[in-house]
Amino acid sequence: MQTSRTQVGIVGAGPAGLILGHLLHGHGIDSVILERRDRHHVIERVRAGVLEQGTVDLLHAMGVGDRLAREGMRHDGIHLAFGGERHRIDMAALTGGRAITVYGQNEVVKDLIAAREATGRPLSFDVDDVSVHDVTSSRPSIRYSRDGVAHEVQCDFIAGCDGFHGVCRPSIPTEALTLYTRDYPFAWLGILAHAAPSLDELVYALHDRGFALFSMRSSSVTRLYLQCAPDDDLANWPDDRIWDELLMRLSTRDGWRPAVGPIFQKGITPMRSVVADPMQYGRLFLAGDAAHIVPPTGAKGLNLAAADVWRLATALAAYYADGDERDLQAYSTRGLRRAWWAQRFSWWMTSTLHRADDAPPFDRRRQQAELDYLVQSTAAMTSLAENYVGLPFA
Ligand code: RFL
Ligand code: PHB
């Protein structure tokens with residue numbers, strides 16, 4: 001067994017683990033990041049695209065915002081389409097100039113891996129059999145194997161940034177953890193297409209046939225999603241069927257429609273809400289998807305992960321600076337409060353914009369009324385806008 005020591009052991013090199021590692025580096029705190037998958041898989045995984053204002057500000061403050069500034073697309077508004085009409089919500093005007101930036105999660109991860117490697121601090125891909133030990137003691141440890149060699153890292157603290165299917169949350173005794181869960185009776189089929197975006201902002205659409213979303217990744221790549229059944233199979237979705245549905249659900253009477261082009265990536269994502277309470281057990285702190293999952297409709301998952309690790313890094317910095325544990329003790333309570341706000345918003349966006357097969361006609365009319373009210377009420381649009389561009393991190 002090869003033994004090493006660090007201050008903070010980080011499990012997972014997704015956005016949560018990588019941002020945490022870099023924030024800790026900025027505070028002069030040592031960490032080891034351990035990732036189960038290979039580097040290529042981590043960088044190429046197609047996921048989120050919307051960064052809140054607070055996430056953008058954080059990445060700049062961390063010194064990893066150069067490419068984001070050049071290639072990220074700032075959006076001041078979003079569009080809601082229903083009943084054949086498209087309505088723009090001017091988020092910047094409603095929130096005192098705050099906006100979102102469209103920049104792929106894989107690009108964020110690529111920038112963070114480069115920044116981590118430039119620090120020379122450890123980041124290991126392809127590790128197996130990760131397990132966490134003695135987390136209720138002052139000397140927790142992480143064990144893993146790499147290339148057949150067993151390792152142990154002794155830590156002061158462990159950050160569980162290993163996503164929803166990781167090992168950290170399940171290592172907490174079930175009697176010490178409550179999981180709040182909600183499943184939705186639909187999923188998203190997402191595609192990337194070589195097609196210049198036909199609009200410079202996102203369009204969220206409610207249609208009789210279900211939800212659809214128009215987004216983008218660059219001036220030549222469109223990202224699109226459509227609601228499908230949770231047990232649906234990609235084999236049921238040849239490209240022509242995908243375009244037929246997208247065009248039907250997204251086109252509006254003003255003649256707008258997404259541009260069509262060759263599809264080069266497809267995937268089906270289930271929709272779920274989960275909150276693990278508490279987000280801390282002894283010296284093990286959960287952050288990001290390891291602690292909570294939101295349905296993607298509110299575009300909150302990556303941003304919640306960023307807010308969690310910003311709070312955790314700030315709390316660890318206070319601890320190492322002068323032994324002050326107050327922020328560490330408050331980590332879970334503060335994180336859960338913000339996570340529940342994001343859950344509430346994501347649930348509301350999801351239930352307002354999707355069609356459940358078994359929804360009675362009453363619910364369909366209520367959904368239309370909800371949207372119809374929203375787009376003519378400054379109060380309602382302001383509530384959507386302030387949540388969408390992101391609530392304060394603290
Ligand atoms: P991640 O990204 O899942 O990273 C966890 C990492 O831990 C590794 N891991 C392990 N490593 C070592 N040992 C083990 N035993 C391990 N088990 C797991 C994994 O390989 C992985 O590298 O979690 P993190 O860092 O918390 O980040 C969360 C975000 O990835 C997630 O919330 C977002 O992608 C959600 N999401 C969106 N969020 C947004 O903020 N805006 C969006 O527009 C948005 N759109 C989306 C999304 C997620 C989607 N999918 C596919 C789920 C759109 C989609 C389609
Ligand atoms: C994306 O561009 O991938 C995206 C945009 C908005 C969402 C979810 C995903 O709500």
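## A tour from a helix pair to a buried strand

Start by selecting arginine 249 and glutamate 245, whose side chains meet in a salt bridge (2.9 Å, N to O). As you look around, keep in mind that this is a predicted model. Both residues belong to helix α7 (residues 239-250), where they sit four residues apart, about one turn of the helix. Are they buried or exposed? Arginine 249 counts as buried at 6% relative accessibility, and glutamate 245 is buried too, with a relative accessible area of 6%. Buried here means under 20%.

Next, select aspartate 208 and arginine 355. Their side chains form another salt bridge, at 2.9 Å from N to O. This pair links distant parts of the chain, 147 residues apart: aspartate 208 is in the loop between β15 and β16 (210-216), and arginine 355 is in the loop between α9 (326-353) and α10 (361-374). Show the surface and compare the two ends: aspartate 208 is exposed, with a relative accessible area of 56%, whereas arginine 355 is buried at 5%.

Now move to arginine 121 and aspartate 30. Here the closest N and O atoms of the salt bridge are 3.1 Å apart. Arginine 121 lies in the loop between α6 (105-119) and β9 (123-124), and aspartate 30 in the loop between α1 (15-26) and β3 (31-34), so the pair ties together parts that are 91 residues apart in sequence. Aspartate 30 is partly exposed, with a relative accessible area of 26%.

The last stop is strand β6, residues 77-82. Six of its six residues are buried, so the strand is largely enclosed by the rest of the structure.

Which strands pair with β6? One is β7 (residues 85-90), antiparallel over six bridges; look for isoleucine 78 standing opposite isoleucine 89. These two strands form a hairpin with two residues between them, and glycine 83 in the turn has a positive phi of about 60°. Another is β15 (residues 202-207), which pairs with β6 in the parallel sense over four bridges. To find this pairing, select alanine 81 and its bridge partner in β15, alanine 205.

Technical notes:
Residues numbered from 1 in each chain as written. Chains lettered and ligands numbered in written order. Predicted model: local features only at pLDDT ≥ 70, side-chain atom pairs only at ≥ 80, totals over all residues. Heavy atoms only, no water. Buried < 20%, exposed > 50% of the residue type's maximum accessible area, 1.4 Å probe, protein only. Pairing = 2+ DSSP bridges. Salt bridge = Lys/Arg side-chain N within 4 Å of Asp/Glu carboxyl O.
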